[in-house]
Amino acid sequence: MKKLWSWKFAAWTLILLLILALIPACFEATQNLSTDGAALLLGLPFAFYTVLVTSTGAFAVHLNITSLIADALTLYFLLFIIQKFVELIKTK
């Protein structure tokens, strides 16, 4: 059976996850806001980090661990599939 877990892919997954979540939040045109506009959602495809504006004007944050794990697993296996596809092309 081939190896499915790689620390190298895990590190790349975390780096790419942070980049893909934080960079779009820096630009107003690419920000993912809630329907009422009171919360900034970070994460692709699942929003794992939310910055809320409370009724008093203060900020509150929420980290959803389940969505973070789902995002990381999705990106990890996407990188794994891309790597296998590249290896397949190189062998031909």
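Buried means under 20% relative accessible area, a cut-off that is needed for the first view of this predicted model.

**View 1. Ser6, in the segment before helix 1 (7-22).** Because its relative accessibility is 19% and buried means under 20%, Ser6 counts as buried. The side chain of Ser6 reaches towards Lys8, where the backbone nitrogen lies at 3.3 Å.

**View 2. Thr13, a buried residue of helix 1.** The relative accessible area of Thr13 is 3%, and therefore this residue is classed as buried. When its neighbours within four places in sequence are left aside, Thr13 is in contact with Ala72, Leu75, Tyr76 and Leu79.

**View 3. The largest nonpolar core, made up of five residues.** Leu17, Ala21, Phe48, Ala72 and Leu75 form this core, and the elements that give two or more residues to it are helix 1 and helix 2 (65-91). In soluble globular proteins, nonpolar side chains tend to be buried together.

View 4. With neighbours within four places in sequence left aside, the residues in contact with Phe48 include Leu17 and Ala21, and among the others are Leu42, Gly43, His62, Leu63, Asn64, Ser67, Leu68 and Asp71.

**View 5. A nonpolar surface patch of about 510 Å².** Trp12, Ile15, Ile19, Ile23 and Phe27 make this patch. Ile23, one of these residues, is found in the loop between helix 1 and strand 1 (32-33), and because its relative accessible area is 46%, Ile23 is described as partly exposed.

Notes:
Residues numbered from 1 in each chain as written. Predicted model: local features only at pLDDT ≥ 70, side-chain atom pairs only at ≥ 80, totals over all residues. Heavy atoms only, no water. Helix = DSSP H or I, 4+ residues; strand = E, 2+ residues; numbered from the N terminus. Buried < 20%, exposed > 50% of the residue type's maximum accessible area, 1.4 Å probe, protein only. Polar contact = N/O pair within 3.5 Å; in protein donor to acceptor, adjacent residues only side chain to side chain. Patch = residues over 30% accessible without salt bridge, like charges linked within 9 Å, V, L, I, M, F, W, Y side chains within 5 Å. Areas by Shrake-Rupley, 256 points an atom, 1.4 Å probe, with all protein chains shown as cover. Salt bridge = Lys/Arg side-chain N within 4 Å of Asp/Glu carboxyl O. Core = buried A, V, L, I, M, F, W, Y, C linked by side-chain atoms within 4.5 Å. Contact = heavy atoms within 4.5 Å.
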